There are 2 protein chains.
Amino acid sequence: MDRHAQERLQQMLEKLKRRRFRITPQRLAVLEILVESDFHPSVETIFAQVRKRFPTTSLATVYKTVGLLKEMHEVLELGFHDAGNRYDARKPFPHPHVICTSCGRIRDPELSGLQELAEEMGRKTGFTIVTHRLDFYGVCPECREKTDARGD
Amino acid sequence: MDRHAQERLQQMLEKLKRRRFRITPQRLAVLEILVESDFHPSVETIFAQVRKRFPTTSLATVYKTVGLLKEMHEVLELGFHDAGNRYDARKPFPHPHVICTSCGRIRDPELSGLQELAEEMGRKTGFTIVTHRLDFYGVCPECREKTDARGD
DNA sequence: GTTAATGCAAACGTTTTGCACGGAA
DNA sequence: TTCCGTGCAAAACGTTTGCATTAAC
């Protein structure tokens with residue numbers, strides 16, 4: 001586990017304890033998998049990983065823990081209407097994503113100036129902007145190579 | 001119906017005819033409601049409107065027509081994992097949206113430079129960027145006023 | 001007359017819920 | 001000992017599908 005993952009894990013554990021939520025083995029496993037993943041796992045992915053350590057774990061438990069973290073703003077939910085949602089506990093605040101439509105991989109690109117854009121939107125529309133979401137969709141280098149090789 | 005709505009309607013009708021799809025009364029009604037709406041209607045909203053003219057219309061028919069238009073790139077689908085999808089047939093290409101989390105209203109703000117941003121993302125990540133989506137979430141002026149009046 | 005669209009109901013995939021049991025504090 | 005979390009199954013939700021009937025062309 002890298003340094004950032006450890007920090008995030010501690011932050012989340014402390015927040016849970018402060019609010020008198022219990023640290024169960026299943027819950028801890030979900031947290032650990034979340035902070036270790038830099039590929040924005042889905043609930044199904046988390047579920048499969050947790051099952052390796054605790055084979056009786058149910059999907060509902062994973063959903064409940066992830067939902068709790070979302071409520072506490074300790075995880076960023078990337079909702080998709082046509083697929084399972086994905087979660088980012090390493091950077092639990094709005095930031096842009098690049099999504100491969102072929103393999104489903106999600107990356108965090110470097111990009112600044114979005115906050116300023118949000119403020120500009122607020123001025124122009126009169127809305128009080130609270131959050132935002134920016135996703136780019138395309139094909140990652142790996143998938144493009146495979147596609148090229150097949151001659152599609 | 002404003003000029004843009006009429007243009008869009010004609011474009012869609014011609015495209016349908018060219019591909020030998022049939023122009024049924026229900027289908028025409030869906031198209032008309034889509035091009036007249038600048039509030040990004042949901043399927044349920046379209047359905048309710050179509051029902052006023054053709055009371056036997058089914059939800060499935062609306063879904064099928066909207067799906068057909070989506071395939072033909074004549075409508076932009078804004079998918080939401082926690083609510084019904086919304087549709088934009090007036091500007092059927094990626095553009096930013098401002099969404100009121102209180103009343104669900106969706107507006108099209110002026111904003112340029114996103115295409116350039118997409119190209120920058122492509123360069124930085126190696127992805128072939130095909131499309132994107134940018135949503136700002138906040139509270140619209142009308143809802144803020146109501147909230148202020150109630151003292152929430 | 002052909003063939004595609006409609007309308008109904010059943011199926012779908014993901015997420016949420018209700019509830020009895022088990023375990024963290 | 002308390003009562004929150006778990007795990008199961010059922011429900012919920014928007015959406016899609018299969019199929020017989022209807023209607024556009």
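Predicted model: local features only at pLDDT ≥ 70, side-chain atom pairs only at ≥ 80, totals over all residues.
Residues are numbered from 1 along each chain as its sequence is written, chains are lettered from A and ligands numbered from 1 in the order in which they are written, and side-chain values use heavy atoms, with hydrogens and water left out.

**Helix α2 against α3 in chain B**

- The axes of α2(B), residues 25-36, and α3(B), residues 43-53, come within 9 Å and cross at roughly 125°. Axes here are lines fitted to C-alpha atoms, for helices over the stretch in contact, and angles run from 0 to 180 degrees between N-to-C directions.
- The crossing of α2(B) over α3(B) is right-handed; a crossing is right-handed if the near helix is turned clockwise from the far one by less than a right angle, and left-handed if anticlockwise.
- On the α2(B) side the contact (heavy atoms within 4.5 Å) involves Gln26(B), Ala29(B), Val30(B), Glu32(B), Ile33(B) and Leu34(B), and on the α3(B) side Ile46(B), Gln49(B), Val50(B) and Arg53(B).
- The residues of this α2(B)–α3(B) contact comprise six nonpolar, two polar and two charged. Ala, Val, Leu, Ile, Met, Phe, Trp, Tyr, Cys and Pro count as nonpolar, Asp, Glu, Lys and Arg as charged, and the others, Gly among them, as polar.

**Helix α2 against α4 in chain B**

- The axes of α2(B) and α4(B) come within 10 Å, with a crossing angle of roughly 65°.
- α2(B) and α4(B) cross in a right-handed sense.
- Gln26(B), Arg27(B), Val30(B), Leu31(B) and Leu34(B) of α2(B) meet Thr61(B), Val62(B), Thr65(B), Val66(B), Leu68(B) and Leu69(B) of α4(B).
- Seven nonpolar, three polar and one charged residue make up the contact of α2(B) with α4(B).

**Chain A**

- Chain A has six helices and five strands. Helices (H or I, at least four residues) and strands (E, at least two) are DSSP runs, numbered from the N terminus.
- Along the sequence, the elements of chain A come in the order α-α-α-α-β-β-β-β-α-β-α.
- Taken along the principal axes, the box filled by the C-alpha atoms of chain A is roughly 50 × 45 × 30 Å.
- In chain A, α2(A) packs against α3(A), residues 43-53, at an angle of about 125°, and their axes are 9 Å apart. α2(A) is therefore oblique to α3(A).
- Gln26(A), Ala29(A), Val30(A), Glu32(A), Ile33(A) and Leu34(A) of α2(A) make this contact with Ile46(A), Gln49(A), Val50(A) and Arg53(A) of α3(A).
- Six nonpolar, two polar and two charged residues form the contact of α2(A) with α3(A).

**DNA strand C**

- There are 19 residues around DNA strand C (a heavy atom within 4 Å), of which Arg22(A), Tyr63(A), Arg22(B), Thr24(B) and Lys64(B) come nearest.
- Sugar or phosphate accounts for 67% of the atoms of DNA strand C within 4 Å of the protein, and bases for the rest.
- Polar contacts are pairs of N or O atoms within 3.5 Å; within protein, one must be able to donate a hydrogen and the other to accept it, and residues adjacent in sequence count only if both atoms are side-chain atoms.
- Lys64(B) places a polar side-chain atom 2.7 Å from a base oxygen of DNA strand C.
- The surface near DNA strand C has six nonpolar, eight polar and five charged residues.

**DNA strand D**

- DNA strand D is surrounded by 19 residues, the closest being Thr24(A), Arg27(A), Thr56(A), Lys64(A) and Tyr63(B).
- Of the atoms of DNA strand D within 4 Å of the protein, sugar or phosphate holds 69% and bases the rest.
- A polar side-chain atom of Arg22(A) is 3.1 Å from a sugar or linking oxygen of DNA strand D.
- Phosphate oxygens of DNA strand D lie 3.2 Å from a polar side-chain atom of Thr61(A) and 3.0 Å from a backbone N or O atom of Ile23(B).

Notes
Parallel < 35°, antiparallel > 145°, perpendicular 65-115°, else oblique.
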